[in-house]
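Biologist: I would like to learn how to read a model like this one. Please take me through it one feature at a time.

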Amino acid sequence: MKKALKVFLIFVISVTILAGAAAFIAPAFLTAPLKKALTEEFNRQTDQDFILDFSTFDIGILMRSITVDSIVVRPDSASPTINKVSAASVSIEGIKWLSLINKPFPNFDRIIIQEPDVELYLRDFSSSTFTNSGNSTNNDIAKKPASFNLIINDGQGRIIRPNKQEVFRVDNISVEANDVNINKLLDGSQFIFMDNLIVDGSGLRFSMERKLYEITAGDFTFNKNSQYASLADFNLTPLAPKYRFSEIKNRQIDRIDLSIPNIEFIGFEMSTLANKHFELDSLHIAGARMEVFRDKYKERPPGINPKPLLYEIATSTDFSFGLNKAVISNADITYEEHKPPAQKTGSITFNNINASIQDFRTKSHPEFREDSLKLDVETLFMNTSRMTLDVGYATFDRNNTHTISVNLDSFDPKEAGDMLQHVGFVRIEDGLVENMRANYTLNTAKASGEVKILYRDLKVSFLNKDNPEKTGLKQQFGDFIANTFVLKSDNLGEDPRIGAINFEREIEKSIFAYWWKSLLDGIKEVIR
């Protein structure tokens, strides 16, 4: 939006230059000449790159104001950035006419832009996005007025592709900023560096059609001085149904459906962005709901595609980022997958998640090697049993060394029957888990540790992996052998069995799969 704001400010410069020349002549008799002169001045300021049109031009000498209505600016030719800029009105208020005595350009208190509508073309992200140079290369600009306040009311905007396909839109946005320096804005510095900047609005939409997602959000606010920002009703929505999603991608991939009613960003300093550094004191996420679906009937992508662990993520960018604390409250996560040859899906849920993450840093952060990330989670597994997860992770260690502690309270394994039957091909007939505790250490290559599960009356049926729905005498005999001689139906008493974890990492699986499969390795050792 920087380019559009620059066009508005050049328009203001043209208006004030013209108003200064006409200030002491009866403006009521100059409407037609002023319109012609303003158009010419605007063309000069923009090197004739844009065409200006407007309806009225009003100079209020006693009111110390200028108002121009129904402004429309279009590029004179095919602009690589701007398709259209318009506004219901632009007002310059608090004009100090006497400042014209010793300069050709009057000082003023504020600019008010009503109902701007901006349409820009999509362009690549530039490294200059967060520059804050303040050096002007235009001699004319150096002669412009002292700082002023900027007010933008009820604006809207869109970013489109050359074929007019919409990529991003904001339905309503209002901006307030004090002590705006016109030189810094016009020479390319971003408006996020303006003093006392406040931004409010609603109705965000970002299309990620090629990735089959759309991002939307409701109300948003940003207050630079308070170091606070919030976003309501954030949604990451898939653009295709569950199975169609993988069909379009033609490979096995997670389909994520995410909604977050409220996100808050607290404690940050925007000026550090100019030095490629951003520090966020706390992030609050409330009421999130995430559903993940994976169709395993589709093949995995060809070749070897390693999934990054946290060291690889932290060292993948030169940007310095630090997050002191993230708090997640009252969240729900559902993971569902369809694994061949099962006819139905299996799923597990983590409900009422309350979690905190502390001390995440990227490699360029000055404290990268001083802190280890900490993750603490409390949740209801399958919405019935309390479960805690505590992780300590040395993100600065290239070996990705980290520790995990898991505790699960009393749990009826039949609650996870869908996942066990349709994904693990095991049916739980009876049994109760009294408690499970696990402690293990993981790195880039493997995981090791131990699991203790206290359970009783465990009875299972092993399903035919080639035909899970098939039952018969052979399977019944296999179940009898398993429950009588292979599986240990009880693990209680003063000296319960402890399962050893010794699991080699599968580099193409996510970090969460690594954690789960390592735990499962120890569980199998207990019940066999």
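Modeller: A contact means heavy atoms within 4.5 Å. Leaving out residues up to four places away in sequence, Glu119 touches Ile82, Asn83, Lys84, Arg158 and Ile160. Two ground rules apply: this is a predicted model, where local features need pLDDT of at least 70, side-chain atom pairs count only at pLDDT 80 or more, and totals for chains, interfaces and linings use all residues. Residues are numbered from 1 along each chain as its sequence is written, and side-chain values use heavy atoms, with hydrogens and water left out.

Biologist: What is the mean pLDDT of the protein?

Modeller: pLDDT is the predictor's confidence in each residue, from 0 to 100. The mean for the protein is 84, and 78% of its residues reach 70 or more. Over residues 23-30 the pLDDT is below 50, and this stretch has 8 contacts beyond near neighbours in sequence.

Biologist: Is Glu119 buried or exposed?

Modeller: Buried means under 20% relative accessible area, exposed over 50%, and partly exposed in between (1.4 Å probe, protein chains only). Glu119 counts as buried because its relative accessibility is 17%. Across the protein, 44% of the 528 residues count as buried.

Biologist: Which side chains make polar contacts with the side chain of Glu119?

Modeller: A polar contact is a pair of N or O atoms within 3.5 Å; within protein, one must be able to donate a hydrogen and the other to accept it, and residues adjacent in sequence count only if both atoms are side-chain atoms. The Glu119 side chain has such a contact with the side chain of Asn83 at 2.4 Å, and another with that of Arg158 at 3.0 Å.

Biologist: How many salt bridges does the structure hold?

Modeller: A salt bridge is a side-chain nitrogen of Lys or Arg within 4 Å of a carboxyl oxygen of Asp or Glu. The structure holds 23. One of them joins Arg361 and Asp371 (3.4 Å, N to O). Strands are DSSP runs of E, at least two residues, and helices runs of H or I, at least four, numbered from the N terminus. Arg361 lies in strand S17 (residues 346-361) and Asp371 in the loop between S17 and strand S18 (373-381), so the pair ties together parts 10 residues apart in sequence. Both residues are buried.

Biologist: Which residues are linked with Arg169 in a network of salt bridges?

Modeller: The network links Arg169 with Glu166, Asp171, Arg205 and Glu214. Between Arg169 and Asp171, the closest N and O atoms are 2.7 Å apart. Arg169 counts as partly exposed because its relative accessibility is 22%, and Asp171, at 41%, is also partly exposed.
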